[in-house]
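I opened this entry to look up ring pairs and a sheet. My notes follow the model.

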Amino acid sequence: MKALRWHGKKDIRYDDAPDPEIEEPGDAVLKVSSCAICGSDLHLFDGFMPGMKHGDIMGHEFMGEIVEVGKETRKLKVGDRVVVPFTITCGQCEQCRRGNFSVCERTNRNKNLADKMFGHTTAGLFGYTHLTGGYPGGQAEYVRIPYADTTHVKVPSTLSDEQVLFLGDIFPTGWQAAVQCDIEPTDTVAIWGAGPVGQMTIRSAVLLGAKQVICIDRVPERLQMAAAGGAITINFDEESVLDRLGELTQGKGPEKCIDAVGLEAHVTRSLDSMVDRAKQAVMAESDRPHVLREMIYVCRPGGTLSIPGVYGGLVDKIPFGASMNKGLTWKMGQTHVAKWTDDLLRLIEEGRIDPSFVITHTMSLKDGPGMYETFRDKKDGCVKVVLKP
């Protein structure tokens, strides 16, 4: 088969790859109909996440049709149309029973590596580093699905791929980011980042009844999309984020702050960001946490910081004293996708949201390597890239 494979920093290739096979009795094999490039993939593309190996197949946002099932797979049959969550879940361990699917205790086949890196293992993830299991991803013609009975979302034929594809990652990620803020009708929710997750977070905060939603970015097309979703926008290249947030909250600051950016914050005018880049260049720091610092500073005392943005390692100069003294609550983590998909699929079916709005580029899988650059540089107003094998 053909797949997009990682060969080093900024080196993604459209290569031949071995066809997936049933390896365990609970497996299934999926023929991919649509997949997407995620902002988290860019951290691999840019070389900031450890644990990648030459030839690893990229992608963790995909869907398609089941073409083969293992002898112990009970809930799927050949011909079923499914979205595959990026988190691989067993459904039986203590964490899964609690609904903490992204920290499943059984699915990371490189558990010992994760234990050493993080203290305890996380779930296995598709198309990510060997710290999360090294499972081949979905930017491919076919994918093996381990723990298939608990790692799928069946979707109806009445909905298009474009409407349901994002149930595998960015829609539940944005939803969880908003839900863990415990939004009240009087709340101002400030969201850093107008990329795909930021866009889904905006719509989620609106659906959950926030008084006002504010989005901070600098890409005009993304800010326009944010405004169309109901957000007040701030272009940080054109005005002071601190001053504008003060104006919009009568000097009190937003009650809820959401980091939809993660480890590659781009702020060229900020001294702290320039220091981060310098330290990153000499491997003295792995992540650029400008957004975290800014959120701690502007958040209203007693407020909440929600962090769906991915961080990979070490951050520096975090004003933790300010966070402690202001009594801020931090909530973060990879997304517990299966916890949210039933409700989110219902919202799509009821017409309350159509996640396809975020798609700006649809290309063939073979064009994927070039689209990584397009997505990385936000060329042509790129917000979300969908690939068709």
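I counted 4 aromatic pairs, taking rings of Phe, Tyr and Trp (its six-membered ring) as paired if their centres lie within 6.5 Å, with planes under 30 degrees apart called stacked, over 60 edge-to-face and the rest tilted. This is a predicted model, where local features need pLDDT of at least 70, side-chain atom pairs count only at pLDDT 80 or more, and totals for chains, interfaces and linings use all residues. Residues are numbered from 1 along each chain as its sequence is written, and side-chain values use heavy atoms, with hydrogens and water left out.

I looked up F45 and Y372: the pair is tilted, 5.4 Å centre to centre with 40 degrees between the planes. F45 lies in helix 1 (residues 39-45) and Y372 in helix 13, so the pair ties together parts 327 residues apart in sequence. Helices (H or I, at least four residues) and strands (E, at least two) are DSSP runs, numbered from the N terminus. Both F45 and Y372 are buried, meaning under 20% relative accessible area with a 1.4 Å probe, protein chains only.

I then checked F126 and Y135, also a tilted pair, at 6.5 Å and 55 degrees. F126 is buried at 0% relative accessible area, and Y135 is buried at 6%. Ring pairs link F62, F126 and Y135 into a cluster.

Last, I noted an open sheet of 3 strands in the order 2-1-4, with antiparallel pairing (at least two DSSP bridges between two strands). Strand 2 (12-16) and strand 4 (56-57) stand at the edges with a single partner strand each, so one side of each has no neighbour in the sheet.

Notes. Buried < 20%, exposed > 50% of the residue type's maximum accessible area, 1.4 Å probe, protein only.
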